[in-house]
Amino acid sequence: MSHSLPVVFFPGTQCDERLWLPVWREMTIADRRYIPLQWAETLEQMDGLTVHAVAGDKVHLVAFSMGGYIACRFALANPDQVASLTLIGFCSAGLNQQELQQRQLIIRALDKGQFRPMSAQRLAMMVNPHSPNHQFAQQVVREMEQDLGGSVLKYHLIAASSRPDLTEDLAQAAFPVHIIASECDEVAALGAMQTMHQAIKHSSMQVFSGAGHMLPLEQPKALSLHLQSRI
(Lines give C-alpha, C1' and ligand atoms only; values in the text may rest on other atoms or scores of the structure.)
Protein backbone atom coordinates (compact mmCIF):
# COMPACT_ATOMS: atom_id res chain seq x y z
CA MET A 1 0.00 0.00 0.00
CA SER A 2 1.05 3.56 -0.62
CA HIS A 3 2.80 5.41 2.19
CA SER A 4 1.87 8.70 0.51
CA LEU A 5 -1.83 8.39 1.31
CA PRO A 6 -3.13 10.10 4.47
CA VAL A 7 -3.55 7.91 7.57
CA VAL A 8 -6.51 8.79 9.79
CA PHE A 9 -6.49 7.69 13.44
CA PHE A 10 -9.56 7.24 15.67
CA PRO A 11 -9.45 7.05 19.51
CA GLY A 12 -11.64 4.93 21.78
CA THR A 13 -14.13 5.75 24.52
CA GLN A 14 -12.91 8.56 26.79
CA CYS A 15 -9.58 8.72 24.95
CA ASP A 16 -7.78 11.53 23.15
CA GLU A 17 -4.48 11.98 21.28
CA ARG A 18 -2.55 10.57 24.23
CA LEU A 19 -3.73 7.10 23.21
CA TRP A 20 -1.76 7.36 19.95
CA LEU A 21 1.26 9.48 20.90
CA PRO A 22 3.55 6.51 21.72
CA VAL A 23 2.65 4.88 18.38
CA TRP A 24 3.09 8.10 16.39
CA ARG A 25 6.56 8.59 17.87
CA GLU A 26 7.59 5.30 16.25
CA MET A 27 6.10 6.03 12.82
CA THR A 28 6.93 8.33 9.93
CA ILE A 29 3.70 9.35 8.21
CA ALA A 30 3.72 12.16 5.65
CA ASP A 31 0.04 13.03 6.21
CA ARG A 32 -1.26 11.97 9.62
CA ARG A 33 -4.76 12.95 10.71
CA TYR A 34 -6.66 12.47 13.95
CA ILE A 35 -10.41 12.39 14.64
CA PRO A 36 -11.01 14.22 17.96
CA LEU A 37 -13.95 12.10 19.09
CA GLN A 38 -13.52 13.56 22.58
CA TRP A 39 -15.12 16.74 21.18
CA ALA A 40 -18.26 14.98 19.95
CA GLU A 41 -21.52 14.81 21.89
CA THR A 42 -23.50 12.72 19.36
CA LEU A 43 -22.97 10.02 16.77
CA GLU A 44 -23.76 12.57 14.04
CA GLN A 45 -20.99 14.83 15.33
CA MET A 46 -18.57 11.89 15.30
CA ASP A 47 -19.51 11.20 11.68
CA GLY A 48 -19.12 14.89 10.85
CA LEU A 49 -15.65 15.12 12.40
CA THR A 50 -14.62 12.12 10.31
CA VAL A 51 -15.91 13.57 7.04
CA HIS A 52 -14.17 16.87 7.85
CA ALA A 53 -10.80 15.19 8.56
CA VAL A 54 -10.90 12.91 5.51
CA ALA A 55 -11.79 15.94 3.37
CA GLY A 56 -12.66 13.91 0.28
CA ASP A 57 -9.26 12.18 0.07
CA LYS A 58 -8.53 8.48 -0.27
CA VAL A 59 -7.17 7.40 3.13
CA HIS A 60 -6.09 4.57 5.39
CA LEU A 61 -8.30 4.36 8.50
CA VAL A 62 -6.72 3.13 11.75
CA ALA A 63 -9.23 2.85 14.59
CA PHE A 64 -9.18 1.72 18.20
CA SER A 65 -12.12 0.27 20.16
CA MET A 66 -15.16 2.59 19.92
CA GLY A 67 -13.37 4.47 17.17
CA GLY A 68 -13.64 1.28 15.14
CA TYR A 69 -17.40 1.71 15.01
CA ILE A 70 -17.09 5.28 13.72
CA ALA A 71 -14.43 4.25 11.19
CA CYS A 72 -16.62 1.37 9.95
CA ARG A 73 -19.57 3.73 9.51
CA PHE A 74 -17.47 6.06 7.37
CA ALA A 75 -15.84 3.24 5.41
CA LEU A 76 -19.14 1.53 4.56
CA ALA A 77 -20.75 4.83 3.55
CA ASN A 78 -17.72 6.01 1.52
CA PRO A 79 -15.91 2.87 0.27
CA ASP A 80 -14.23 4.67 -2.64
CA GLN A 81 -12.34 6.87 -0.17
CA VAL A 82 -10.94 3.94 1.83
CA ALA A 83 -7.54 2.46 0.95
CA SER A 84 -7.69 0.18 4.01
CA LEU A 85 -9.51 -0.19 7.34
CA THR A 86 -7.53 -1.31 10.39
CA LEU A 87 -9.57 -2.23 13.47
CA ILE A 88 -7.76 -2.56 16.81
CA GLY A 89 -9.65 -4.03 19.77
CA PHE A 90 -13.00 -3.56 18.02
CA CYS A 91 -15.44 -6.35 17.21
CA SER A 92 -17.94 -5.60 14.43
CA ALA A 93 -20.61 -7.89 15.91
CA GLY A 94 -21.90 -5.16 18.26
CA LEU A 95 -22.50 -5.32 22.00
CA ASN A 96 -24.26 -8.15 23.83
CA GLN A 97 -27.17 -7.63 26.22
CA GLN A 98 -24.98 -7.74 29.32
CA GLU A 99 -22.66 -5.05 27.94
CA LEU A 100 -25.62 -2.86 26.98
CA GLN A 101 -27.17 -3.19 30.45
CA GLN A 102 -23.86 -2.33 32.11
CA ARG A 103 -23.58 0.78 29.94
CA GLN A 104 -27.13 1.86 30.81
CA LEU A 105 -26.26 1.65 34.52
CA ILE A 106 -23.20 3.85 33.99
CA ILE A 107 -25.20 6.37 31.91
CA ARG A 108 -27.90 6.61 34.62
CA ALA A 109 -25.22 7.20 37.28
CA LEU A 110 -23.57 9.89 35.12
CA ASP A 111 -26.97 11.57 34.61
CA LYS A 112 -27.11 11.96 38.38
CA GLY A 113 -23.63 13.44 38.44
CA GLN A 114 -22.11 10.31 39.92
CA PHE A 115 -18.84 10.12 38.01
CA ARG A 116 -16.31 7.88 39.69
CA PRO A 117 -12.89 6.89 38.37
CA MET A 118 -12.85 3.31 37.13
CA SER A 119 -12.12 0.71 39.77
CA ALA A 120 -8.78 -1.06 40.00
CA GLN A 121 -10.61 -4.17 38.77
CA ARG A 122 -11.91 -2.34 35.68
CA LEU A 123 -8.47 -0.85 35.02
CA ALA A 124 -7.00 -4.37 35.15
CA MET A 125 -9.55 -5.33 32.47
CA MET A 126 -8.34 -2.46 30.27
CA VAL A 127 -4.59 -2.91 30.76
CA ASN A 128 -2.98 -6.33 31.13
CA PRO A 129 -1.28 -6.13 34.59
CA HIS A 130 1.51 -8.39 33.28
CA SER A 131 2.30 -6.20 30.28
CA PRO A 132 5.85 -4.71 30.51
CA ASN A 133 4.41 -1.24 29.86
CA HIS A 134 1.41 -1.63 32.17
CA GLN A 135 2.29 1.14 34.63
CA PHE A 136 2.70 3.71 31.86
CA ALA A 137 -0.49 2.51 30.13
CA GLN A 138 -2.51 2.66 33.37
CA GLN A 139 -1.22 6.16 34.10
CA VAL A 140 -2.26 7.46 30.67
CA VAL A 141 -5.71 5.85 30.99
CA ARG A 142 -6.15 7.49 34.41
CA GLU A 143 -5.01 10.91 33.08
CA MET A 144 -7.38 10.79 30.09
CA GLU A 145 -10.22 9.70 32.36
CA GLN A 146 -9.56 12.53 34.81
CA ASP A 147 -9.13 15.24 32.16
CA LEU A 148 -12.06 14.26 29.92
CA GLY A 149 -14.41 13.51 32.81
CA GLY A 150 -17.90 12.13 33.10
CA SER A 151 -19.56 14.18 30.36
CA VAL A 152 -17.30 12.78 27.61
CA LEU A 153 -17.81 9.26 28.94
CA LYS A 154 -21.59 9.75 28.90
CA TYR A 155 -21.65 11.17 25.37
CA HIS A 156 -19.47 8.33 24.09
CA LEU A 157 -21.55 5.63 25.77
CA ILE A 158 -24.83 7.06 24.47
CA ALA A 159 -23.53 7.68 20.94
CA ALA A 160 -21.85 4.33 20.32
CA SER A 161 -23.75 1.69 22.31
CA SER A 162 -26.65 0.85 19.96
CA ARG A 163 -24.48 -0.68 17.27
CA PRO A 164 -25.80 -2.97 14.56
CA ASP A 165 -23.74 -5.99 13.56
CA LEU A 166 -21.54 -4.66 10.73
CA THR A 167 -19.73 -7.93 9.99
CA GLU A 168 -21.75 -8.88 6.89
CA ASP A 169 -21.38 -5.41 5.37
CA LEU A 170 -17.61 -5.48 6.00
CA ALA A 171 -17.42 -8.96 4.46
CA GLN A 172 -18.90 -7.56 1.25
CA ALA A 173 -16.72 -4.45 1.16
CA ALA A 174 -14.01 -4.17 -1.49
CA PHE A 175 -11.42 -2.41 0.70
CA PRO A 176 -8.86 -4.42 2.75
CA VAL A 177 -9.80 -5.00 6.40
CA HIS A 178 -6.98 -5.56 8.91
CA ILE A 179 -7.98 -6.91 12.32
CA ILE A 180 -5.63 -6.46 15.28
CA ALA A 181 -6.41 -8.32 18.50
CA SER A 182 -4.72 -8.75 21.86
CA GLU A 183 -4.36 -12.15 23.45
CA CYS A 184 -5.44 -10.88 26.91
CA ASP A 185 -8.09 -8.36 25.81
CA GLU A 186 -11.07 -8.60 28.18
CA VAL A 187 -13.08 -5.96 26.30
CA ALA A 188 -12.78 -7.20 22.71
CA ALA A 189 -12.23 -10.88 23.43
CA LEU A 190 -9.87 -12.80 21.17
CA GLY A 191 -12.53 -15.41 20.34
CA ALA A 192 -14.95 -12.75 19.09
CA MET A 193 -12.18 -11.15 17.02
CA GLN A 194 -11.32 -14.52 15.46
CA THR A 195 -14.98 -15.09 14.61
CA MET A 196 -15.07 -11.69 12.89
CA HIS A 197 -11.90 -12.53 10.95
CA GLN A 198 -13.39 -15.83 9.76
CA ALA A 199 -16.59 -14.09 8.62
CA ILE A 200 -14.70 -11.37 6.70
CA LYS A 201 -12.94 -13.67 4.25
CA HIS A 202 -10.64 -11.03 2.77
CA SER A 203 -9.46 -9.72 6.17
CA SER A 204 -6.03 -10.16 7.71
CA MET A 205 -5.55 -10.77 11.42
CA GLN A 206 -2.67 -10.13 13.79
CA VAL A 207 -2.73 -11.20 17.45
CA PHE A 208 -0.43 -9.53 19.98
CA SER A 209 0.55 -11.74 22.89
CA GLY A 210 0.80 -10.40 26.43
CA ALA A 211 -1.29 -7.29 25.77
CA GLY A 212 -4.68 -6.22 27.08
CA HIS A 213 -7.24 -3.88 25.54
CA MET A 214 -5.05 -0.75 25.54
CA LEU A 215 -2.64 -2.11 22.94
CA PRO A 216 -1.48 1.29 21.57
CA LEU A 217 -0.23 2.18 25.06
CA GLU A 218 0.93 -1.29 26.08
CA GLN A 219 2.94 -2.25 22.98
CA PRO A 220 3.37 0.91 20.87
CA LYS A 221 6.60 -0.14 19.17
CA ALA A 222 5.35 -3.56 18.08
CA LEU A 223 2.03 -2.07 16.97
CA SER A 224 3.70 0.70 14.97
CA LEU A 225 5.92 -1.82 13.15
CA HIS A 226 2.87 -3.87 12.21
CA LEU A 227 0.94 -0.77 11.06
CA GLN A 228 3.89 0.32 8.91
CA SER A 229 3.68 -3.03 7.12
CA ARG A 230 -0.02 -2.51 6.36
CA ILE A 231 -0.40 1.15 5.45
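Which residues on the other side of α10 are exposed? They are Lys221, Leu225 and Ser229, and the legends below, which describe close-up views of a predicted model, begin with this helix.

**View 1. Helix α10, with its buried and exposed residues.** Helix α10 runs over residues 220-230, and its buried residues are Pro220, Leu223, Ser224, His226 and Leu227. These residues lie on the same side of α10, because they cover an arc of only 165° around the axis. Lys221, Leu225 and Ser229, by contrast, are exposed on the other side of the helix.

**View 2. The aromatic residues around Trp24.** The model contains 3 aromatic pairs. One of them, formed by Trp24 and Tyr34, is edge-to-face, with 6.0 Å from centre to centre and 80° between the planes. Trp24 belongs to helix α1 (residues 21-24) and Tyr34 to strand β2 (residues 32-34), so the pair ties together parts that are 10 residues apart in sequence. Both Trp24 and Tyr34 are buried, and together with Phe9 and Trp20 they form one aromatic cluster.

View 3. Ser182 lies in strand β5, which covers residues 177-182. With a relative accessible area of 2%, Ser182 is buried, because a residue counts as buried when this value is under 20%. If its neighbours within four places in sequence are left aside, Ser182 is in contact with Leu190, Val207, Phe208, Ala211, Gly212 and Leu215.

**View 4. The largest pocket and the helices that line it.** The largest pocket has a volume of about 1100 Å³. Its lining is made up of 42 residues, and those closest to the centre of the pocket are Gln102, Ile106, Arg122, Met126 and Leu157. The elements that give two or more residues to this lining are α4 (97-111), α5 (120-126) and α6 (134-160). Helix α4 gives the most to the lining, with 6 residues.

**View 5. Arg142 in helix α6.** Arg142 lies in helix α6 and is partly exposed, with a relative accessible area of 28%. When residues up to four places away in sequence are not counted, Arg142 touches Pro117, Met118, Ser119, Ala120 and Leu123. Ala211, which is one of the residues in contact with Ser182, is 69 residues away from Arg142 along the chain, and the C-alpha atoms of Arg142 and Ala211 are separated by 18 Å.

**View 6. Gln14 and Ala55, two residues with positive phi.** Most residues other than glycine have a negative phi. Phi of Gln14, however, is near 50°, a positive value in a residue other than glycine, and Ala55 likewise has a positive phi, of about 55°, although it is not a glycine. Gln14 is found in the loop between β1 (7-10) and α1, whereas Ala55 is found in the loop between α2 (43-54) and β3 (59-64). As for accessibility, Gln14 is buried, with a relative accessible area of 8%, while Ala55 is exposed, with a relative accessible area of 51%.

View 7. Val82 lies in strand β4, which covers residues 82-88, and is buried, with a relative accessible area of 3%. Leaving aside neighbours within four places in sequence, Val82 is in contact with Lys58, Val59, Leu61, Phe74, Ala75 and Phe175. The C-alpha atoms of Val82 and Ala173 are separated by 10 Å, and these two residues are 91 residues apart along the chain.

**View 8. Glu41 and Tyr155.** Glu41 is found in the loop between β2 and α2, where it is partly exposed, with a relative accessible area of 44%. Although Glu41 and Tyr155 are 114 residues apart along the chain, their C-alpha atoms are separated by 5.0 Å.

Notes: Residues are numbered from 1 along each chain as its sequence is written. This is a predicted model: local features need pLDDT of at least 70, side-chain atom pairs count only at pLDDT 80 or more; totals for chains, interfaces and linings use all residues. Side-chain values use heavy atoms; hydrogens and water are left out. Buried means under 20% relative accessible area, exposed over 50%, partly exposed in between (1.4 Å probe, protein chains only). Helices (H or I, at least four residues) and strands (E, at least two) are DSSP runs, numbered from the N terminus. The arc is that of the directions from the helix axis to the C-beta atoms. Rings of Phe, Tyr and Trp (its six-membered ring) pair if their centres lie within 6.5 Å; planes under 30 degrees apart count as stacked, over 60 as edge-to-face and the rest as tilted. Contact means heavy atoms within 4.5 Å. On a 1 Å grid over the protein atoms alone, a cavity is a set of points where a 1.4 Å probe fits but cannot get out, and a pocket is an open set with protein on both sides within 12 Å along at least five of seven lines; lining residues have an atom within 4 Å of a point. Grid points are joined across faces, edges and corners, and a volume is the space filled by probe spheres set on the points.
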